[in-house]
Amino acid sequence: MKTIFLLFFILSVFICHAQLTVKWEDLSAPDFPKAVENSGKLCVVPLGIIEKHGPCLPLGTDLMIVRDVVLKAAQKEYVVVFPEFIAGQINEARHQPGTIAYSPDLVWRILEETCNEIARNGFEKIILVNGHGGNNAMLSYFAMALLSRKHNYAVYVANGWDIYADEAQKRAVEGLFAKLPENSLGHAGADEAAEIKIIRPELFKPEKAKTQSGENLARLKHLTNVSTGIDWYACFPNHYAGNAAAATDELGKAMLNATTNGLAKLFGEVKTDTEVLKLQNQFFDQAEKPLKTDQ
Ligand SMILES: [Zn+2]
């Protein structure tokens, strides 16, 4: 009898401490408050996009990769992961089939209201993990623009690709890059293809990799020290940079593994951070009465 009670006790302790799912949409409403607590009030939004990825990769490549690494990292360091998010800056691919390019003001509002809604549900910290290069400038501006109004949460912006837990993992991936033929890397190139080859092998069509050119046409090379909105199209009109045919399983596994570890480390750092919110609150107080700020 004693053994049965002991087993029951161990089982109930195990069930009480069983990890909740990391996916926001998979949580039940009664479990949600516990997930917010367990995550250290940290919610992670992986930002994907729907755009052409050369002739041989799926439109959702960025979404698939960023969600894969964020979800795996969340298993290592518990955070709540926001549902599939595809609103972003992708005007440069509007000439290609399948692109979803919401208008700039709508992209902004969805992102801002998503952050507001996450915070209204009890989170104090939000990491926007970017899986799409075309979002880089927008996200930096978005984070700074949030300083224009007082708010009770902190937004952190992170890259969903070149992020590493340590130098050794970085060197290992860079070593594999160095083994590739020249100009293999880039948008829909060997690096992204290698990751899709692991995550969704049935969606990678290597035999189509050379049916379009991923070469840089450099059609604006006469302009130096200046940029334009049409730069990307000028270089890569096929929305393809590099050579997906050079993708290997070894590279895909190494990249996914390194990024997952890098993100798990980052989640831990952000969970323990208390400075961003403290400084932000101090800043908002001062910004209301700038003449009182010590000179
Ligand atoms: Zn991509």
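Me: Let's start with Ala264. Leaving aside its neighbours within four places in sequence, which residues is Ala264 in contact with?
Reply: Setting those neighbours aside, Ala264 is in contact with Ala73, Lys76 and Glu77. Contact here means heavy atoms within 4.5 Å.

Me: Before I go on, what sort of model is this?
Reply: This is a predicted model, where local features need pLDDT of at least 70 and side-chain atom pairs count only at pLDDT 80 or more, while totals for chains, interfaces and linings use all residues. Residues are numbered from 1 along each chain as its sequence is written, and side-chain values use heavy atoms, with hydrogens and water left out.

Me: OK, back to Ala264. Is it buried or exposed?
Reply: Ala264 is buried, with a relative accessible area of 11%. Buried means under 20% relative accessible area, exposed means over 50%, and partly exposed is in between (1.4 Å probe, protein chains only).

Me: And where is it placed?
Reply: Ala264 is in helix 9. Helices (H or I, at least four residues) and strands (E, at least two) are DSSP runs, numbered from the N terminus.

Me: What about Thr259, where does that one go?
Reply: Thr259 is in helix 9 too, which covers residues 249-272. Thr259 counts as buried, at 4% relative accessibility. Apart from neighbours within four places in sequence, Thr259 is in contact with Val69, Gly160, Trp161 and Ile163.

Me: How far apart are Ala264 and Val129?
Reply: They are 135 residues apart in sequence and 12 Å apart in space, C-alpha to C-alpha.

Me: Why is strand 3 largely enclosed?
Reply: Because six of the six residues of strand 3 (residues 125-130) are buried, the strand is largely enclosed by the rest of the structure. Lys125, Ile127 and Val129 are buried on one side, and Ile126, Leu128 and Asn130 are buried on the other.

Me: How many bridges join strand 3 to strand 4?
Reply: Six bridges join them, and they run parallel, with strand 4 at residues 154-159. Ile127 stands opposite Tyr156 in strand 4.

Me: Last one: which residues are the protein donors of the zinc ion?
Reply: The donors are His53 (NE2), Asp62 (OD), Glu192 (OE) and Glu192 (OE), lying 1.8 to 2.8 Å from the zinc ion. Donors are N, O and S atoms within 2.8 Å of the metal (3.2 Å for Na, K and Ca), and sites may look incomplete, since water is not among the atoms. His53 is buried, with a relative accessible area of 0%, and Asp62 is buried at 3%.

Definitions and conventions
Pairing = 2+ DSSP bridges.
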